[in-house]
Amino acid sequence: MTLWQKWVTANPVFRYHFWGQTKLMVRRPLWQVVLLSVPFVAIYFWLVNQTVQHGLPFLSVGLECLALWLVAPLMSHALFAMEFEKATWDMLVLTRLTAGQIVMGKFLSRLALLMILVIFLAPLTLIGAFKDFQTVTPAGILRWFAETQFVVLSWAVLLTSFTLWLSYWLKRGMVAAAVAFAGQVFVLFILPVLWGLFLALFAMAGQRYIDPFAFEPLSEGWLKYGWMFDPRLAIWAYNPALAIIGVFVFATERVAEKPFLWGTWQGIVYLLISALIIALLTRSVAKATRKPI
Amino acid sequence: MLEVKGLRKEFGQLVAVKDIHFALQPGDIFGYIGPNGAGKTTTLRMLATLLEPTSGTAIVNGIDIVRQPEDARPLIGFMPDFFGLYEGITVWEYLAFFAEAYNIPPRERKQVIENVLELTDLTVKRDTYVETLSRGMQQRLCLAKTLLHDPLLLLLDEPASGLDPRARAELKELLREIGAMGKIVIVSSHILPELSDFCNKIGIIEKGELLLWGDVDDILRQLQPARLLTIRCLDGADKLAEWLRKQPEIVNVQVVNSTVEAQFVGDDEAQAELLRRIILDGHRIATFSETTMNLEDVFLRVTKGEVA
């Protein structure tokens, strides 16, 4: 059996979380489905229209960030917690499913749902960029698009795996969601501000101040390659919002020299951390349930 | 067969289950009796491989549940006392989910699901959403799920709790059928009338200690070596009691509310002969009956009402 079959096609956990719960929605009377869908379809077509008319790629990128980064914890917070809260966990443990199938089934079902969101939102960004980025070549636009999508999506993947991990350990869905959102707010907003204040204090003592929004220093000297490992920059450089702004700044050549792998590297790091979390989670489940991985 | 060898579970200082031993054969229905907090659920969760014992083990059909939990699981079906169901799916989809999770081959799944639905009388509910089922129906669905992979050992933790009398009676009937299928069934309960009808073996646990276990009839014989006869005499109980005290096969006599209760040692023949002699002696007997101990009497006699 291939991993694809084991984790996806022959995995009832994946199918239940991807499709099982949503079937209830689909099986509602048609008028209810239409009524529920109308506002979303209307908003979506209004956005498509705005994009075609005015470009506004940042509106759609912002919308993607908002949607994916809010939805990822919302979709994942109960995946394990509901098993404990509804007392279904024991029954799942006693089946022949492996720990890997249980964890990956839950995790991949959420990634699949995130991809559906991306399929709807990403084209808006691309259309908007072609309309708006007059000075950038088509190849440059595609590259900007790919790098931006990579950062947005890989952060959403990291959020999903982190929330899944919280859901397993905290065993309470609402608590897991609250911690995931609070953690995100801390990492995206509070920590960068605190770090800025901290560095400003050092600047008062005569040290060099690094402005997170001035991307020029990142293109100079050894920082062009060393930014990835500079602890002073880590809190900003690995902030996905600042990474996306950086991708835009370098793509539109507001800063001529792009630091090595900017955008791609952050995405890779998010995915690596995510993989580590999922691996640790699988190991924990295997150990707790005495199941094979 | 199932062989439980010195199973012990400690939670810090608390010893929840103390080195219990028992053995069961296919077809046995074992009533696991004890007050709340005695260690019944802990024992069942260890046997179900959900909880690792501190020491000891159990062997199911030659497979050690501690060393080879994943190999033992296909042989075990566990129905917890408190369970939930996946919502948003129908009865059929729920069972199909577990049939796949138990690795039942795709071409056999349909038949297996139909069989368990029929056994649990849920065929008419196959397209009903699980969350809309009554408590009794959900209990049956959980049992159907537990039987999907045809386990040899069935562990049912308080299966009748929260059920109305009709649902309880139906569950009893269902468990009797399952026992007749040659499975080893362990049913834990603190409601004794639930178990008395269909268990052929019992174990009584208190404070984590298995006080006794064995064949129901053997235990009753052990605990009640003499038969308890209850006799109502129209001429007055005291006169009859006086006469009975002189008989060699009577070991104890007392008068309770104008009825004589006497402990008698002997078989059915001797008992019939005693009745004949009482009548020949001129006593006018209105009722003459033998009172047998039930599980409740056994339980009350053996336990002290303590929890671990």
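In which sense, right-handed or left-handed, does H3(B) pass H5(B) in their crossing? In this predicted model, H3(B) passes H5(B) in a right-handed crossing. The axes of helix H3 (residues 91-101) of chain B and of H5(B) come within 9 Å and cross at roughly 30°, and because angles under 35 degrees count as roughly parallel, H3(B) and H5(B) are therefore described as roughly parallel to each other. On the side of H3(B), the residues that take part are Val91(B), Tyr94(B), Leu95(B) and Phe98(B), which meet Leu141(B), Ala144(B) and Lys145(B) in H5(B). Sorted by class, this contact of H3(B) with H5(B) holds six nonpolar residues, no polar residues and one charged residue.

Six strands of chain B form an open sheet in the order E6-E7-E8-E3-E9-E10, and their pairing is mixed. The edges are formed by strand E6 (76-79) and strand E10 (209-215) of chain B, each of which pairs on one side only, and from one strand to the next the twist averages 15°. Within this sheet, strand E7 (residues 153-157) and strand E8 (residues 184-189) of chain B pair in the parallel sense over five bridges, with Leu156(B) standing opposite Val187(B) in E8(B). Helix H5 (residues 135-147) of chain B packs on the sheet, where it touches E6 and E7 of chain B, and its direction makes about 165° with that of E6(B). Helix H8 (residues 216-223) of chain B also packs on the sheet, touching strand E9 (201-206) and E10 of chain B, and the direction of H8 makes about 110° with that of E10(B).

Chain A is built from helices, with 13 helices and zero strands. Its C-alpha trace spans about 60 × 45 × 35 Å along the principal axes, and buried residues make up 38% of the 293 residues in chain A. Among the contacts in chain A with a separation of 6 or more, 80% are accounted for by residues 24 or more positions apart.

One helix pair of chain A can be described in detail. The axes of helix H3 (residues 30-54) and helix H7 (residues 99-132) of chain A come within 8 Å and cross at roughly 15°, so that H3(A) and H7(A) are roughly parallel to each other. The crossing of H3(A) and H7(A) is left-handed. To this contact H3(A) gives Tyr44(A), Leu47(A), Val48(A), Thr51(A) and Val52(A), while H7(A) gives Phe120(A), Leu124(A), Ile127(A) and Gly128(A). The residues of the contact of H3(A) with H7(A) divide into seven nonpolar, two polar and no charged.

The two chains also touch each other, with 23 residues of chain B in contact with 19 residues of chain A. On the side of chain B that touches chain A, the elements that give two or more residues are helix H2 (69-72) and H3 of chain B, and the largest share, four residues, comes from H3(B). By class, this side of chain B has 15 nonpolar, four polar and four charged residues.

Methods
Residues are numbered from 1 along each chain as its sequence is written. Chains are lettered from A and ligands numbered from 1 in the order in which they are written. This is a predicted model: local features need pLDDT of at least 70, side-chain atom pairs count only at pLDDT 80 or more; totals for chains, interfaces and linings use all residues. Two strands pair if DSSP finds at least two bridges between them. Axes are lines fitted to C-alpha atoms, for helices over the stretch in contact, and angles run from 0 to 180 degrees between N-to-C directions. Two residues are in contact if their C-beta atoms, placed from the backbone, lie within 7 Å. Angles under 35 degrees count as roughly parallel, over 145 as roughly antiparallel, 65 to 115 as roughly perpendicular and the rest as oblique. A crossing is left-handed if the near helix is turned anticlockwise from the far one by less than a right angle, and right-handed if clockwise. Ala, Val, Leu, Ile, Met, Phe, Trp, Tyr, Cys and Pro count as nonpolar, Asp, Glu, Lys and Arg as charged, and the others, Gly among them, as polar. A residue is buried if 20 or more other C-beta atoms lie within 10 Å of its own, exposed if 12 or fewer, and partly exposed in between; C-beta atoms are placed from the backbone.
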